[in-house]
Amino acid sequence: MDKTFNKYFAVFALILALAFLAVGALRTLKIHDIETDLFFHEIPERQIVIDATFSGIVRKDGILYSAYDRSIKQGRQSCPT
């Protein structure tokens, strides 16, 4: 009885983890420019995780702002701090 429950629980946990990974891979969020609040960029969640690691994203009043200029397409940006 315990082995079958463990197997079902493991399969359920695997399916749930894969569903969370799929949602995270497909989700995009709006990142506003810090100087002008009019423009925003649609950024995938995986890029937001990378940017938030070195303080490239700032949250003010529930809105995400970019701490550097996202219009420059030069690969990785240097840390703004």
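User: What makes β1 and β2 a pair, and in which sense do they run?

Analyst: Strands count as paired if DSSP finds at least two bridges between them. Strand β1 (residues 28-33) and β2 have five bridges, in the antiparallel sense, so they meet the rule of at least two. Within this pairing, T28 stands opposite P44 in β2. The model is predicted: local features need pLDDT of at least 70, side-chain atom pairs count only at pLDDT 80 or more, and totals for chains, interfaces and linings use all residues. Residues are numbered from 1 along each chain as its sequence is written, and side-chain values use heavy atoms, with hydrogens and water left out.

User: How do you know which strands stand at the edges of the sheet?

Analyst: The open sheet of four strands has the order β2-β1-β4-β3, with mixed pairing. β2 (40-44) and β3 (57-60) each have a single partner strand, so one side of each is left without a neighbour in the sheet. Neighbouring strands are turned by 45° against each other on average, direction ignored. Such angles are taken between axes, which are lines fitted to C-alpha atoms, for helices over the stretch in contact; they run from 0 to 180 degrees between N-to-C directions.

User: What are the elements of the chain, and how are they defined?

Analyst: The chain has two helices and four strands, in the order α-β-β-α-β-β from the N terminus on. Helices (H or I, at least four residues) and strands (E, at least two) are DSSP runs, numbered from the N terminus. Helix α2 (residues 45-53) lies across β1, β2 and β3, at about 100° to β2.

User: Why is the pair of F5 and F9 called stacked?

Analyst: Rings of Phe, Tyr and Trp (its six-membered ring) pair if their centres lie within 6.5 Å; planes under 30 degrees apart count as stacked, over 60 as edge-to-face and the rest as tilted. The count by this rule is one aromatic pair. The centres of F5 and F9 are 6.3 Å apart and the planes stand at 20°, so the pair is stacked. Both residues lie in helix α1 (residues 2-26), four residues apart, about one turn of the helix.

User: Why is D61 called exposed?

Analyst: Buried means under 20% relative accessible area, exposed over 50%, and partly exposed in between (1.4 Å probe, protein chains only). D61 has 81%, so it is exposed. D61 is found in the loop between β3 and β4 (63-66) and has a positive phi of about 55° although it is not a glycine. F5 and F9 are exposed too.

Definitions and conventions. Contact = heavy atoms within 4.5 Å.
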